[in-house]
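Reader: I'm new to this one. Can you walk me through it?

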Amino acid sequence: MSTSVTTSTPPADTPRAHAPGKIILSGEHSVVFGAPALAVAVAQYTEVWFKPIHRSEGLRTAFEQISQGEFYPLTLLKSFKQRLDRRFDQFVRGELQVQNILQRPDDLVIYTLASLMQRLPMPGVSSTHHLPVPGQLGSHSSLPLGAGMGSSAAVIAATFVLYEHLLNHVQTDEERFERVRLCERLQHGKGGAIDAASVVYGGLNRVDGDRISRPDISREHGLWAGEGWYWVLHGVPASSTGECVMAVRKAHGTDNALWRDFTDCTNALQSALESGSDPSQILKQNHLLLNRIGVVPAATQGFVEGVNSAGGAAKICGAGSIRGEQGGVVLVHMQDHDAMEKLMSRYGNLRWARLRIAPQGAAQGAAP
C-alpha cells in the first residue's frame with residue numbers, strides 16, 4: 001500500500017506551516033447549484049517553509065511537485081497581483097478559459113502572498129514600500145496535485161499561516177477562510193467554500209451555500225481512525241475542475257430534480273454517519289448520479305464496479321473528468337481490510353491509503 005510520496009525536509013529551525021487536504025464525501029458538483037455538501041479534512045498535508053536570503057531582491061520558489069522554481073521580484077508583487085486579477089475578470093467576461101488564468105504553477109502561491117500584503121503591514125526595504133523580506137519560499141506535500149484533494153487550497157492556507165506568524169499578525173479562522181476562497185477562484189474559476197472550510201477548520205464540515213456547520217459524528221467512528229474508509233487515486237483527471245463545472249452547468253444546470261436527488265444523498269449520508277449505520281447503498285446511489293452527469297470516466301467506472309464486487313462501495317470525490325480515463329480520487333468504503341488489500345493488489349499502479357480525518361486545519365509548524 002502506498003501512503004506518501006518522497007518529500008524533501010527543510011532544516012528543523014526553518015519557519016514553516018502546514019494544512020491538510022480534503023475529500024468530498026457527498027455533494028461535488030451539486031453544491032454549485034445550491035445543494036449541500038459534506039467534506040472532510042484528510043490527514044495528508046502540504047507544508048510551506050521560508051528561508052530568508054537578504055542579498056536577494058525577490059522570492060525564489062521551490063515548490064515540490066509543482067515546478068522547477070521561479071523568481072519573483074518583490075517590487076513587482078503588487079502589479080503581479082493586479083495582472084492576475086485582470087485575467088480573472090477576462091475569464092468572467094468569457095474572454096479567457098479558466099485553465100489559462102494562472103500562467104505558471106507557482107503563480108497561485110505568490111498571488112496568495114501578494115493578497116496578504118494588502119491586509120497586513122510587512123517589513124521591507126524602505127519606509128514607503130511594504131514588502132516581504134527576500135528569500136526562498138518552498139513546499140513539500142503528500143497530497144496528489146490536481147486530483148480533487150484540495151492541494152491548491154492547502155498550499156494557500158499554509159502560506160497564509162506561515163506569513164501571519166512571521167509577521168506576528170495572526171488572523172482568525174474566519175478571515176483565513178475568506179482569503180483562501182478569494183485566492184482559490186484563480187485556480188477553479190470560483191472560490192468555493194468546501195476546500196476553504198476543510199483546509200482552514202479541519203474535521204468534518206457541511207457546506208450549505210456560505211453556511212458552514214459541523215455534523216455530529218462520534219469520535220469512535222471509523223472515519224477518524226481510517227477504519228473501513230479509503231481513498232484511491234485513480235489518476236489525475238485530464239480536465240480541470242473549472243472545465244468540469246462548466247460542462248455540467250451547460251448540460252444539467254436547469255435540472256432541479258437532479259440536484260434534489262443529490263441533496264437527498266448528502267442528507268442520507270450525514271444521517272448514516274451520525275447514527276453509525278451502513279452508508280454503502282447511499283454511496284452507490286451517489287455514484288450513479290455522478291455517472292449521470294458525465295464526470296466519471298469509463299476506467300474509473302470499472303474500478304468502482306470492482307469495489308462493489310469485492311463487497312464495498314465507491315464514488316469519485318472530486319470534480320471527476322469530462323475526458324480521458326482518469327477520474328481523480330475515489331472514496332471507498334469497505335469494512336474488510338483484507339478484501340481491500342486483495343482488490344488493490346490488482347491495481348498495483350494506483351496510490352491509495354486509509355482515509356483518516358485531520359482534526360485540525362492550517363497551523364504553524366511541521367505537519368503531523
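Author: Let's begin with a term. A residue is exposed when its relative accessible area is over 50%, and buried when that area is under 20%. Keep in mind that this is a predicted model.

Reader: Okay. So S345, buried or exposed?

Author: S345 has a relative accessible area of 57%. The cut-off for exposed is over 50%, so S345 is exposed.

Reader: What does the side chain of S345 reach?

Author: The backbone oxygen of K342, at 2.5 Å.

Reader: You mentioned β11. Which residue can we look at there?

Author: Take A353, which sits in strand β11. A353 has a relative accessible area of 3%, so this residue is buried.

Reader: How far is A353 from Q44 in sequence and in space?

Author: In sequence, 309 residues separate A353 and Q44. In space, their C-alpha atoms are 9.9 Å apart.

Reader: Let's zoom out. How many helices and strands are there in the protein?

Author: There are 11 helices and 12 strands.

Reader: And what share of the protein is buried?

Author: Of the 368 residues, 56% are buried.

Reader: What about contacts between residues 24 or more positions apart?

Author: Take the contacts with a separation of 6 or more. Residues 24 or more positions apart account for 75% of them.

Reader: Now helices. How do α8 and α9 pack?

Author: Helix α8 covers residues 256–275 and helix α9 covers residues 280–292. Their axes are 10 Å apart, and the angle is about 155 degrees. An angle over 145 counts as roughly antiparallel, so α8 and α9 are roughly antiparallel to each other. Their crossing is left-handed.

Reader: Which residues meet there?

Author: From α8, they are L258, D261, F262, C265, A268, L269 and A272. From α9, they are I282, L283, Q285, N286, L289, L290 and R292. By type, the contact of α8 with α9 has 10 nonpolar, 2 polar and 2 charged residues.

Reader: Next pair. At what angle do α1 and α2 cross?

Author: Roughly 115 degrees, for α1 (residues 77–92) and α2 (residues 107–117). Their axes come within 9 Å. That angle makes α1 roughly perpendicular to α2. The crossing of α1 and α2 is left-handed.

Reader: Who makes that contact?

Author: On the α1 side, L77, F80, K81, L84 and D85. On the α2 side, D107, I110, Y111, L113, A114, S115 and M117. The residues of the contact of α1 with α2 divide into 8 nonpolar, 1 polar and 3 charged.

Reader: Switching to α5. How many of its residues are buried?

Author: 9 of the 9 residues of helix α5 (residues 193–201) are buried, so α5 is largely enclosed by the rest of the structure. Among them are D195, S198 and Y201.

Reader: What comes just after α5?

Author: G202, with a positive phi of about 75 degrees.

Reader: Which residue has a positive phi although it is not a glycine?

Author: H29, again at about 75 degrees. Most residues other than glycine have a negative phi.

Reader: Where does H29 lie?

Author: In the loop between β1 (16–26) and β2 (37–52).

Reader: Is that H29 buried or exposed?

Author: H29 is buried, because its relative accessible area is 6%.

Key. Residues numbered from 1 in each chain as written. Predicted model: local features only at pLDDT ≥ 70, side-chain atom pairs only at ≥ 80, totals over all residues. Heavy atoms only, no water. Buried < 20%, exposed > 50% of the residue type's maximum accessible area, 1.4 Å probe, protein only. Polar contact = N/O pair within 3.5 Å; in protein donor to acceptor, adjacent residues only side chain to side chain. Axes fitted to C-alpha atoms, helices over the stretch in contact; angles between N-to-C directions. Helix = DSSP H or I, 4+ residues; strand = E, 2+ residues; numbered from the N terminus. Parallel < 35°, antiparallel > 145°, perpendicular 65-115°, else oblique. Left-handed = near helix turned anticlockwise from the far one by under 90°. Contact = heavy atoms within 4.5 Å. Nonpolar A, V, L, I, M, F, W, Y, C, P; charged D, E, K, R; others polar.
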